Amino acid sequence: MLALKEAIANGATGELVYLKDYKIEECDGCMNCVFRNIPCHLDDDWYKLLNKISSADALFLSAPTYVLSIPGSLKLVMDRYLLMPQYFNKIYPRPAMSVGIGGLADWNHFELPLMNLFLLGLGFGIVDSFYARAAGPGEVLLSNEGIERIKSEVKFMLSWKYKPFESRIASHCPVCFSTIFERIKGNKYKCPVCAVESEQQEDGYYFLADNLNNHRWTPDNVEDHFTNWILKTKDRFKKNLRQINQQKRKFEL
Ligand SMILES: Cc1cc2nc3c(=O)[nH]c(=O)nc-3n(C[C@H](O)[C@H](O)[C@H](O)COP(=O)(O)O)c2cc1C
């Protein structure tokens, strides 16, 4: 709400969208949206929600931290990922920002990367992403520091123009803000969310521009994943279907 007020004060128009106002069903993994290229059969508000948020010029996403991670309501939206490419902005990323709210400094490592995964999956670029500390409902409103940061970040987001990543040292992934890295070999690490490789140095992780600009969620890589992986599983699955059903019957109680 604060971000929206600030955006309006800066001349933007906008709307506050609460996930709780949308009925979102669980993906049942039928694969028909991809394999048969038909609309999702679930009777809910998913398309209505995505039509709204994907058409925004800028998005400010906020969510509480639940058990180190995002709340289930956001995960339910994200689990319909196979439907998301139709909303993916293929030109230049539009700006988005995420603020995770949580009580404890060391209890939130999956929150921002997963919020940002959702934004990246829609083709947004993450301008900034941070935590505001607050243990109880609404307590975040007592944090002057948090409020001031949101105000200045909203101004920054509204004037943001896309430019490719430059090589840099950072303690988080510059694409999704994850601080969790998978060790590949020696001093080489990889961001599990963006698949961006980096080299550990004394003062942080060194990210090469080429790697940053070729992260998992670029339009080309998203298309490649759908065309050369997800769609290619269709024929194998169809070929194996009889055998899968036989096995199912065998293990039925
Ligand atoms: C079920 C539950 C789990 C929570 N887990 C965490 C947690 O893992 N880490 C954390 O920092 N805060 C945790 N919290 C605190 C919430 O993040 C905090 O109450 C909430 O973000 C306040 O946001 P609000 O002002 O939007 O209601 C949890 C709260 C609830 C209700």
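Tutor: Start with one term. Two strands pair if DSSP finds at least two bridges between them. Keep in mind that this model is predicted.

Student: Which residue is the bridge partner of G102 in β3?

Tutor: The partner of G102 is R133. β2 and β3 pair in the parallel sense, over nine bridges.

Student: What holds paired strands together in general?

Tutor: Strands of a sheet pair through backbone hydrogen bonds, either parallel or antiparallel.

Student: What is the order of the strands in the open sheet here?

Tutor: The order is β1-β2-β3, with parallel pairing. β1 and β3 are the edge strands, each pairing on one side only. On average, neighbouring strands are turned by 15° against each other, direction ignored.

Student: Which helix packs on the sheet, touching β1, β2 and β3?

Tutor: That is α5. The direction of α5 makes about 155° with that of β2.

Student: Now the core. Which residues of the largest nonpolar core touch the most other members?

Tutor: The core has 38 residues, and A96, M115, L119, I126, C173, C176 and C194 touch the most other members. Several elements supply at least two residues each, among them β1 (59-64), β2 (94-102) and β3 (124-133). α5 gives the most, with seven residues.

Student: Why does this core lie between domain 1 and domain 2?

Tutor: Domain 1 (1-162) and domain 2 (164-216) both give residues to the core, so the core lies between them.

Student: What does C194 touch, not counting residues up to four places away in sequence?

Tutor: C194 touches C173, V175, C176, H215, R216 and W217.

Note on methods. Residues numbered from 1 in each chain as written. Predicted model: local features only at pLDDT ≥ 70, side-chain atom pairs only at ≥ 80, totals over all residues. Core = buried A, V, L, I, M, F, W, Y, C linked by C-beta atoms within 7 Å. Buried ≥ 20, exposed ≤ 12 C-beta atoms within 10 Å, placed from the backbone. Helix = DSSP H or I, 4+ residues; strand = E, 2+ residues; numbered from the N terminus. Domains from an automatic or database assignment. Contact = placed C-beta atoms within 7 Å. Axes fitted to C-alpha atoms, helices over the stretch in contact; angles between N-to-C directions.
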